[in-house]
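Please keep the sequence and the structure in view while reading.

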Amino acid sequence: MLGPRYATDVRIRRQLEASTVGVQGALKRGREAAERMAWADAYAALSVADSFSPLAAQDLELLATSALLLGHVEDGLRALQRAHQRHAEGGDPRRAARCAFWLTFHLGARGDVAQASGWFGRANRLLEHEQECAEHGYLLISVAFHQLVAGDYGAGRTAAAQAAEIGGRTGDADLVAFARYLQGRALVHDGEMDVGLALVDEAMVAVVAGELSPIVAGAIYCGVIDTCQVLSELRRASEWTAALTAWCDTQPDMVTFTGQCLVHRAELLHLHGALLEAVEEAKRALERFAHGADKFASGDAYYQQAEAYRVLGESAAAEDAYQQASRWGRQPQPGLALLRLAQGKTDAAAAAIGRAVAETTDRLQRVKLLPAQVEIMLAAGEVQAALDAADELIQIAGAYSTPALRAMANHARGAAMLADGDSHAALVALRGAWQLWRELHAPYEAARVRVLVGLACRQLGDREAAAMEFDAARTVFAQLGAALDLARVEALARSGAAPNAQGLTERELQVLRLLATGKTNHAIANELVLSEKTVHRHVSNIFIKLHVSSRAAATAYAYEYHLL
């Protein structure tokens with residue numbers, strides 16, 4: 001099914017072909033439509049004009065822009081190639097090189113690396129004997145992109161800075177804004193947050209003011225929001241996503257960039273607790289990707305669906321969406337590992353998150369994995385591993401210091417300290433996390449922290465405060481439809497019963513009863529015909545589930561709640 005935009009294109013084309021306006025009328029209509037950013041009209045009219053008489057180079061560039069924004073990628077690339085050829089034949093190597101740059105950009109974005117490299121080489125040769133011009137700066141943009149993707153942020157920053165200087169000298173607003181964005185991105189990845197974000201904001205001012213061409217504006221919009229998401233700079237992400245949405249709304253025909261906008265919206269809706277709405281936005285994004293140039297970003301849309309389904313307790317739907325994300329090349333972690341944990345498959349969850357963390361070297365990418373690693377390691381009884389992961393998260397949050405990063409770090413540290421038996425320190429960290437999540441309007445994360453606050457209060461003997469925390473969390477989970485979390489907190493809060501007694505497996509109860517008689521791990525292993533390592537793991541799990549830190553405390557707990 002080709003969709004309504006295609007039908008619109010065909011209708012306009014037929015109207016023009018049936019009219020008597022001829023090539024000049026079609027050409028005029030196409031140019032005027034492009035001025036109004038009515039891309040379907042522009043594409044159809046320019047295509048008709050081209051069918052009457054081959055377009056001039058600049059009109060071919062306009063046709064390429066219209067086609068690419070509508071998601072007609074092959075048509076757009078062909079038009080760019082023809083424009084490049086016309087410029088070259090007409091003795092304008094600079095404009096030919098600019099077309100070659102955009103071919104490099106679009107081909108590289110869709111993964112055609114060899115072709116992109118070929119066009120980059122052609123652009124370089126075209127400019128070999130030219131004095132400094134904006135096109136030299138655009139080639140530096142390609143260099144900077146390549147270096148940033150490779151993780152060489154210092155070299156990327158240098159190339160982008162040189163491009164910005166050329167853009168300033170040649171008066172090319174697109175080049176300056178593009179280069180400033182890439183400079184800022186490189187700086188923030190290197191931990192120079194204030195300077196980097198200032199450059200990013202400067203680039204966005206030009207975008208929002210309407211000073212840039214549409215493809216450059218869209219690329220910067222999506223790149224800046226993605227950078228904010230990577231940094232967990234959620235306030236900026238929300239502000240710029242709203243601006244991107246408004247920009248897309250002014251161009252209802254546009255397909256390219258709108259899918260990415262919807263994915264960003266889905267992620268923010270999830271953060272703010274609108275889980276069902278997040279699923280719908282992700283589905284809308286997939287519809288856009290199906291007709292756009294950025295269809296490989298479908299993996300991100302499927303991942304956002306999966307995350308919402310997981311929290312809603314719809315395991316089968318989540319499983320399918322994670323699988324789809326993987327098929328589109330999107331790493332399904334940490335969400336899939338957390339799904340496995342929710343399914344009681346702790347070993348599988350631990351293996352998955354351990355593998356993902358081990359193969360991820362970039363600090364900001366590790367940030368996305370470490371909170372899940374803490375949660376899964378605690379469930380697996382690996383308290384020291386959880387403490388280590390929480391410490392790393394604290395260090396990264398200290399380097400980048402965005403509110404969401406600090407919230408994640410305090411949340412992880414509090415959970416690990418609680419499992420380690422330091423309830424007082426845990427409570428301080430958890431209160432800090434709750435305050436930050438609340439300020440960020442993240443109700444689900446704030447409620448998850450309140451559950452841990454309740455456990456800390458209970459461990460410190462304040463059962464009334466614990467009950468109040470559980471009740472507050474339960475209310476939020478019910479409102480959000482977070483089924484699994486709701487079930488857990490209701491079990492914790494049930495009539496003052498032992499907070500985790502119902503969570504012990506039969507084997508763990510057997511181990512606890514023997515432990516309470518004073519038996520060593522070696523003696524328990526002999527009696528239950530288990531390895532000593534297995535018994536050690538069962539004991540660690542018991543400590544976590546009962547929120548105690550010693551064998552004596554576990555024994556007292558077992559007697560108090562009649563678990564023997």
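## The loop between α12 and α13

Ser-232 lies in the loop that connects α12 and α13, and in this predicted model its phi is near 55°, a positive value in a residue other than glycine. Ser-232 counts as buried because its relative accessible area is 4%, under the 20% limit. Glu-233 belongs to the loop between α12 and α13 as well, and with a relative accessible area of 9% Glu-233 is likewise buried. Not counting residues up to four places away in sequence, Glu-233 touches Leu-197, Cys-228 and Thr-402.

## The chain as a whole

The chain holds 31 helices and 0 strands, and its C-alpha atoms fill a box of roughly 95 × 45 × 40 Å along the principal axes. Of its 564 residues, 55% are buried, and among contacts with a separation of 6 or more, 60% are between residues 24 or more positions apart. The average pLDDT of the chain is 89, with 93% of the residues scoring at least 70. Residues 1-6, however, have a pLDDT below 50, and this stretch makes 5 contacts in the model beyond near neighbours in sequence. Where pLDDT is low, predicted coordinates should not be read in detail.

## Helix α11

Does the length of α11 agree or disagree with its number of residues? Helix α11 has 16 residues, 193-208, and at 1.5 Å a residue these should span 22 Å; the C-alpha atoms at its ends are 22 Å apart, so the two values agree. The buried residues of α11 are Met-193, Gly-196, Leu-197, Leu-199, Val-200, Ala-203, Met-204, Ala-206 and Val-207. The elements that cover these buried residues include α10 (173-189), α12 (214-231), α13 (234-249) and α22 (383-400). Just after α11, Gly-210 adopts a positive phi of about 75°.

## The second largest pocket

The second largest pocket has a volume of about 590 Å³. It is lined by 24 residues, of which Glu-61, Leu-62, Thr-65, Ser-213 and Pro-214 are the closest to its centre. Two or more lining residues come from each of α2 (22-35), α4 (57-70), α6 (93-109) and α12, and α4 supplies the largest share, 7 residues. By class, the lining of this pocket comprises 13 nonpolar, 4 polar and 7 charged residues.

Helix α6 is also where His-106 is placed. With a relative accessible area of 15%, His-106 is buried, and leaving aside neighbours within four places in sequence, His-106 is in contact with Leu-68, Leu-77, Leu-80 and Ile-215.

## Further backbone details

Most residues other than glycine have a negative phi, and most peptide bonds are trans. Against that background, His-441 has a positive phi of about 55° although it is not a glycine. His-441 sits in the loop between α24 (423-439) and α25 (443-459), and its relative accessible area of 57% makes it exposed. A cis peptide bond, with omega of about 10°, joins Gln-333 to Pro-334, and Pro-334 is located in the loop between α17 (315-327) and α18 (335-342).

The accessibility values given above for single residues are set side by side here.

| Residue | Relative accessible area | Class |
|---|---|---|
| Ser-232 | 4% | buried |
| Glu-233 | 9% | buried |
| His-106 | 15% | buried |
| His-441 | 57% | exposed |

Note on methods:
Residues are numbered from 1 along each chain as its sequence is written. This is a predicted model: local features need pLDDT of at least 70, side-chain atom pairs count only at pLDDT 80 or more; totals for chains, interfaces and linings use all residues. Side-chain values use heavy atoms; hydrogens and water are left out. Helices (H or I, at least four residues) and strands (E, at least two) are DSSP runs, numbered from the N terminus. The expected span of a helix is 1.5 Å times one less than its number of residues. Buried means under 20% relative accessible area, exposed over 50%, partly exposed in between (1.4 Å probe, protein chains only). Contact means heavy atoms within 4.5 Å. On a 1 Å grid over the protein atoms alone, a cavity is a set of points where a 1.4 Å probe fits but cannot get out, and a pocket is an open set with protein on both sides within 12 Å along at least five of seven lines; lining residues have an atom within 4 Å of a point. Grid points are joined across faces, edges and corners, and a volume is the space filled by probe spheres set on the points. Ala, Val, Leu, Ile, Met, Phe, Trp, Tyr, Cys and Pro count as nonpolar, Asp, Glu, Lys and Arg as charged, and the others, Gly among them, as polar. pLDDT is the predictor's confidence in each residue, from 0 to 100.
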